[in-house]
Amino acid sequence: MLKFYYNPISPNARRVWITLLEKEIPFEPILMNLDGDQLKPDFLAINPFHHIPVVIDNGFRLVECLAILDYLEAKHPKPALLPQEPQALATVKMVQMLTANELFPQVISLICESENSPQFAKAKQHIDTVLKFFTELLGNSPYFGSEQLTLADIVAGNAVLSLPNLGFTLDDYPEINKWSQRLMQRPVWQKTKLSDEDFAQFKRRVRVLVKLRRREFSRGKTAK
């Protein structure tokens with residue numbers, strides 16, 4: 001049986017979790033305590049980059065969220081989460097990449113920066129640009145690139161649904177708001193929804209990681 005190393009507070013792990021459940025793929029969940037499990041020798045032997053999610057399927061090891069999603073889609077094509085039509089497929093891939101490169105870094109800024117800081121204001125402006133572009137891509141479809149749920153919805157949904165909890169309302173983006181509500185009506189999304197306590201833990205962990213990275217960056221500059 002497929003083994004799935006995860007923690008629900010990890011957005012990337014939750015994307016894989018949702019995909020496994022939406023496709024009804026049997027799996028063995030292995031819950032990781034992110035206060036140290038990812039640094040233990042047994043796990044480092046599986047993933048030397050000490051990140052989750054990790055999937056092991058009949059001895060085949062996979063790291064990196066988007067690679068895992070593509071693998072699951074290829075091996076378990078029903079129900080399909082990728083459209084076949086070229087433009088629709090390109091839309092799905094575009095939304096996935098925009099979420100990773102343009103949206104999620106701004107989510108991190110909303111968590112880590114002071115609300116009165118220029119960085120916070122810049123993050124909100126950038127999110128506004130992304131959501132307006134997403135509105136264009138969504139068009140009149142219920143989901144990105146399809147009449148059915150796609151991997152784009154799973155990837156983007158995890159980021160967009162966190163915004164109201166960070167003080168960024170979706171009221172100014174009615175189509176995105178309706179889309180997000182549509183996602184949350186799905187049983188799998190209800191099952192995988194973070195509790196308030198889990199979301200608070202996610203924010204604390206993000207702040208710690210960002211602080212550590214800034215400290216390492218500062219030390220690197222000093223060393224030069």
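User: How much space lies in the second largest pocket, and which residues are the closest to its centre?

Analyst: In this predicted model, 17 residues line the second largest pocket, and those closest to its centre are Leu-161, Ser-162, Asn-165, Met-184 and Lys-193. The space that lies in this second largest pocket comes to about 370 Å³.

User: Which helices each supply at least two residues of the lining of the second largest pocket?

Analyst: By class, that lining has 8 nonpolar, 6 polar and 3 charged residues. The elements that each supply at least two residues of the lining of the second largest pocket are H1, helix H7 (174-184), helix H8 (187-192) and H9.

User: How much space lies in the largest pocket, and which residues are the closest to its centre?

Analyst: The largest pocket holds about 1,100 Å³ of space. It is lined by 34 residues, and the closest to its centre are Asn-12, His-51, Ile-52, Leu-209 and Arg-213.

User: Which element gives the most to the lining of the largest pocket?

Analyst: Two or more lining residues come from each of helix H1 (11-22), helix H3 (65-75), helix H4 (86-112) and helix H9 (196-223). With 9 residues in the lining of the largest pocket, the element that gives the most is H9.

Notes
Residues are numbered from 1 along each chain as its sequence is written. This is a predicted model: local features need pLDDT of at least 70, side-chain atom pairs count only at pLDDT 80 or more; totals for chains, interfaces and linings use all residues. Side-chain values use heavy atoms; hydrogens and water are left out. On a 1 Å grid over the protein atoms alone, a cavity is a set of points where a 1.4 Å probe fits but cannot get out, and a pocket is an open set with protein on both sides within 12 Å along at least five of seven lines; lining residues have an atom within 4 Å of a point. Grid points are joined across faces, edges and corners, and a volume is the space filled by probe spheres set on the points. Helices (H or I, at least four residues) and strands (E, at least two) are DSSP runs, numbered from the N terminus. Ala, Val, Leu, Ile, Met, Phe, Trp, Tyr, Cys and Pro count as nonpolar, Asp, Glu, Lys and Arg as charged, and the others, Gly among them, as polar.
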